Amino acid sequence: MLKLFNRNTLVQVLVIIAATLLLWGRSLIHPPAMADGSAVLYHLLYLGLSSLPRLAVILALILILLEGLWLNLLLANIGLVSQNSLLPTLLYLIIISAPATTLSPVIFVCGISIAVTHQLMLRTTLLTISTDKICSATALISLASMFYFPALALLISYLLIVVNYRLYSWRDWAALILGLAAPYIFLLTILYLSGNLAPWWSGSYYTPVTPTPLSGTAKILSIGSNIFLLLLFLVSLISLWSHLSEHPVVWQKNTTTLLLLTLGSIAIIAIDSRFPVDMRLFALPFTLCSFHLFMPEKAFHSFNRRNRRTWLLDILLILTLIAAILC
């Protein structure tokens, strides 16, 4: 099956549509209720869509597919994945749909994380980024926290990216602070002018979203599937990291920037303190790492070894899809 993701675009699209129906079919037929959140922008969406559960599911699905295509194009344009493959879109769809049933704050955080990554990617031999991109990236992180407050922990990843790009000047730090503050200055101004500043301030605390409890066989399958996806991510992450030095410097820098998002995601999970792990928070690094696991650059000269490896990877991809359905 993986051979199709290097050859026929139409077949790739059909596979993605089939995977979408498998992952989201139940929610489209029996749409679940949205969970409320205390973050201001997501709460506004909840107020407008909570009475329209099927519309919320459809919007979530559209957002995920658009985000997957955007991430696919971004990675292809900077040379981190194949130009003619839609496998990153499929992998993004699988991992972000693993525990998903309807519109949720994490879907918006993942989309904004793609925008942050777009700002931080290198496209020339200059191994740093401009001040305006620093401001844009941190402003987007601040915006993500308005959908899901723990997303501010992505700032940990950004501070490590500062080291990776050597962004130590006072202009870089000023851009960071201004970017983080700008969305909240705009929000506070709107709330003040509308007379809603005091009510918002008194209710502006983070309340974790409690996942729907499972029991019996469903709980065992969900936990087992979650562990499988987590192990797949760890194996693919270690594999990609161990081969990082084999690539050009710009490729290494861009890949490192994406992989550093993992640490911010771990910090978010630590804030929520829940198990099974919400794999959606690892959507971007998972997509890149698993792509290189399923599409390895090393080729075997022996036909039998190559054929056996292809079958094993096909089975692994099918198991990944099944695990996402069972989460």
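Student: Which helices each supply at least two residues of the lining of the second largest cavity?

Tutor: Please keep in mind that this is a predicted model. Rolling a probe the size of a water molecule over the atoms shows where empty space is left. For the second largest cavity, the helices that each give at least two lining residues are H5 and H7, the latter spanning 154–165, and H7 provides the largest share, with 4 residues.

Student: Which residues line the second largest cavity, and what is its volume?

Tutor: Its volume is about 60 Å³, and the lining is made up of Ser-113, Val-116, Leu-120, Ile-141, Leu-154, Ser-157, Tyr-158, Ile-161 and Leu-261.

Student: How many cavities of 30 Å³ or more does the structure hold, and what lines the largest cavity?

Tutor: There are 3 cavities of 30 Å³ or more, and the largest has a volume of about 90 Å³. Its lining consists of Val-109, Cys-110, Ser-113, Leu-154, Leu-261, Ser-265, Ile-268, Arg-280, Leu-281, Ala-283, Leu-284 and Pro-285. Two or more of these residues come from each of helix H5 (105–120), helix H12 (261–272) and helix H13 (283–294).

Student: Turning to helix packing, at what angle do H7 and H11 pack?

Tutor: The angle between H7 and H11 (residues 249–259) is about 165 degrees, and their axes lie 9 Å apart. Because angles over 145 degrees count as roughly antiparallel, H7 and H11 are roughly antiparallel to each other. Their crossing is right-handed, and in it Ile-161, Asn-164 and Tyr-165 of H7 meet Lys-253, Asn-254, Thr-256 and Thr-257 of H11. The residues of this contact divide into 2 nonpolar, 4 polar and 1 charged.

Student: How are H1 and H3 arranged, and how far apart are their axes?

Tutor: Helix H1 (residues 9–29) packs against helix H3 (residues 53–77) at an angle of about 160 degrees, with the axes 10 Å apart, which makes H1 roughly antiparallel to H3. H1 passes H3 in a right-handed crossing. On the H1 side the contact is made by Ile-16, Thr-20, Trp-24, Ser-27, Leu-28 and Ile-29, and on the H3 side by Arg-54, Val-57, Ile-58, Ala-60, Leu-61, Ile-64 and Leu-65. The contact of H1 with H3 comprises 10 nonpolar, 2 polar and 1 charged residue.

Terms used. Residues numbered from 1 in each chain as written. Predicted model: local features only at pLDDT ≥ 70, side-chain atom pairs only at ≥ 80, totals over all residues. Heavy atoms only, no water. 1 Å grid on protein atoms, 1.4 Å probe; cavity = no way out; pocket = protein on both sides within 12 Å on 5 of 7 lines; lining within 4 Å. Points joined across faces, edges and corners; volume = space filled by probe spheres on them. Axes fitted to C-alpha atoms, helices over the stretch in contact; angles between N-to-C directions. Parallel < 35°, antiparallel > 145°, perpendicular 65-115°, else oblique. Left-handed = near helix turned anticlockwise from the far one by under 90°. Contact = heavy atoms within 4.5 Å. Nonpolar A, V, L, I, M, F, W, Y, C, P; charged D, E, K, R; others polar.
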